[in-house]
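Here is a short briefing to read alongside the model. Keep the 3D view open and follow along from one topic to the next.

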Amino acid sequence: MKVKMILPALAEAGSPFFRPIKYSLFPPIGLATLAAYLNADDEVSIVDEHVEKLDLSDRPDMVVIQVYITSAHRSYRIADHYRRAGAYVALGGLHVTSEPAEAAAHADTIFLGPGEDTWPVFLHDYRKGNPGKLYRSMNRTLAGVPSIRRDLIKRHLYLVPNSLVVSRGCPHSCDFCYKESFYRGGHSYYTQPLDSVLTDIERLPGRHLYFLDDHLFANPKFASELFDGMRGMGRLWQAAATVSSVLAPGLLEKAEACGLRSLFVGFETMNASNLRDQHKIQNVDCDYDRAVRRLHNLGIMVNGSFVFGMDDDDESVFGRTVAWALEQGIETATFHILTPYPGTPLYARMKQQGRILHHNWDFYDTRHCVFRPMRLSMGQLEAGYRRAYADFYRWKSILRAAATKDTWTERLRHLAYASGWKKFEPIWDAIIRARRITHMIPLLEYILGGCKSSSEGVNSKGRMMRIDDLRLRIDD
Ligand code: B12
């Protein structure tokens, strides 16, 4: 069977919202996970429209499309095209789960929730000539899942080919998060068996890793064992976690010791009433300043995540947030406009209050305001969001935030990392066009590792070992 798996892009290249460097970061590991369930004699390919052109002239037997909210319209157009051409079309992913009826009109079969349990059942039914119309995930586990088909990922097209996800979901339930709709009807937080995680990591070439888990520190026992297992591997890695997990003693130190160099932290808002409103209770009463200090004292850079447009936000929120982030010396910031994804408690509330403005999913991209804010106008919210980005990433701000660091090495690393991410777009575009993005990985590793003198060396098998081990060897 000839199977084509597609990750459509949110907008076709050429749109002002298409940012090549952002979309050349992470490969489609969800699809590569599903590909592992196909038979050895199936002919399978993965096409990621963020980094390559989609050829629509071929004739696969089956087309599998991963649908995000922002790529829904594009996904449906591709699905309709292949159905007309006679292919069997399977649609799944976050948006299909929250809007099944809408997706079903463009598919032969739709899948709700994660695919590890439903996809193999469907394949079995399909091969027997009896596929269902809808499969709903209920049994959530990552035990015994086949190894992700990394051989299908075109590594040379990504800055972070070593992306991985070792858990699913999150133990918290914030009103705005996609998690509530996606994991309905089963566990909403679970982890991969540790042995298989460590084996997967061992197989990945180079030093840099990026854990795309929603909250890598969510299960302290699992995280602690993972960090113990990664000790001595010589990795430099990035991940995401909550403010409260950063403040908890012990785990962060272990993470740093095995290579954590930059953490995406969900601050979201500095307003306690907003936090309570959104049920982001885990952040209430957390000392944000102390969290940043703890990270910086360990040499870990911070990517702060902030959401604008919650009910208690007024015109002052943009300036206050940027000023705080710069004072703290936060290296990179990701700003979002609050977006009520269908299926979330936030969406239900806004809908009931008659505040949803439209259902054009193309604009549910956290850059546009799609609801009526309480204390801001739509225009103020969108303009304030854009201003926050401009203010945070202007040269003066980057230099100011870098100046908060104690040493020249740290200042330089801050400067290189923050400016590299936002200030050299035309250079990134040229590198991406020349298909040279992976040539930038050593530079990324250098910047990430720059603040620390590496206390590790490489042994004959290419495995990293600590200086203490080397000394022991020489003494022997
Ligand atoms: C990496 C990432 C990206 C990468 C690329 C995506 C990629 N390579 O897959 C980049 C940087 C390009 C990106 C961009 C954006 N992203 Co993004 N991204 C993520 C992130 C952090 C991880 C995705 C991932 O790898 N998950 C792990 C894998 C294992 O899970 P999975 O991909 O969901 O796949 C599983 C299931 O969905 C299911 N499945 C999926 N497809 C199918 C198909 C079939 C047939 C079946 C059976 C099953 C199935 O099975 C898979 C295995 O269980 C998620 C957060 C998250 N935790 O998912 C946000 C997330 C998906 N992104 C989001 C958003 C909003 C965006 C942007 C709009 C941001 C922006 N302003 O630009 C854009 C839009 C991209 C688009 N195409 O429309 C939202 C999506 C909300 C929604 N309801 O759709 C998320 C959930 C973040 C969030 N918390 O809000 N993103």
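Helix α6 lies across β5 and β6, and runs at about 150° to β6. Helices (H or I, at least four residues) and strands (E, at least two) are DSSP runs, numbered from the N terminus. Contact here means that two residues have their C-beta atoms, placed from the backbone, within 7 Å. Axes are lines fitted to C-alpha atoms, for helices over the stretch in contact, and angles run from 0 to 180 degrees between N-to-C directions.

This is a predicted model, where local features need pLDDT of at least 70 and side-chain atom pairs count only at pLDDT 80 or more, while totals for chains, interfaces and linings use all residues. Residues are numbered from 1 along each chain as its sequence is written.

- β5 (residues 109-112) pairs with β6 in the parallel sense over three bridges; strands count as paired if DSSP finds at least two bridges between them.
- Within this pairing, L112 stands opposite R136 of β6.
- Both strands belong to an open sheet of six strands, ordered β2-β1-β3-β4-β5-β6, with parallel pairing.
- β2 (43-48) and β6 (134-136) are the edge strands, each with a single partner strand, so one side of each is left without a neighbour in the sheet.
- On average, neighbouring strands of this sheet are turned by 15° against each other, direction ignored.
- Helix α3 lies across β1 (2-7), β3 and β4, and its direction is at about 160° to β4.

- Strands β12 (residues 260-268) and β13 (residues 301-308) run parallel and are joined by six bridges.
- Look for G266, whose bridge partner in β13 is S305.

**A helix pair to look at**

- Helix α8 (residues 194-203) packs with helix α9 (residues 220-230) at an angle of about 35°, and their axes are 10 Å apart.
- From α8, the residues L194, V197, L198 and I201 meet F222, E225, L226, G229 and M230 of α9.
- By class, the residues of this contact are seven nonpolar, one polar and one charged; Ala, Val, Leu, Ile, Met, Phe, Trp, Tyr, Cys and Pro count as nonpolar, Asp, Glu, Lys and Arg as charged, and the others, Gly among them, as polar.

- The domain assignment gives domain 1 (2-136) and domain 2 (162-449), with bounds that come from an automatic or database domain assignment.
- The C-alpha centres of domain 1 and domain 2 are 27 Å apart.
- Where the domains touch, 19 residues of domain 1 are in contact with 23 residues of domain 2.
- On the side of domain 1 that touches domain 2, the elements giving two or more residues are α1 (20-23), α3 (72-84) and α4 (94-98).
- α4 gives the most to that side, with three residues.
- That side of domain 1 has 11 nonpolar, six polar and two charged residues.

**Around the ligand**

- Which residues are the closest to the ligand? They are L10, G30, Q66, G92 and G115, out of 40 residues that surround the ligand, where near means a C-beta atom, placed from the backbone, within 6 Å.
- Elements giving two or more residues to this shell are α1, α2 (29-35), β3 (62-66), β4 (88-92), α4 and α6 (118-127).
- α2 supplies the largest share of the shell, four residues.
- The shell residues divide into 23 nonpolar, 12 polar and five charged.
- Why does the ligand lie between domain 1 and domain 2? Both domains give residues to the shell around the ligand, so the ligand lies between them.
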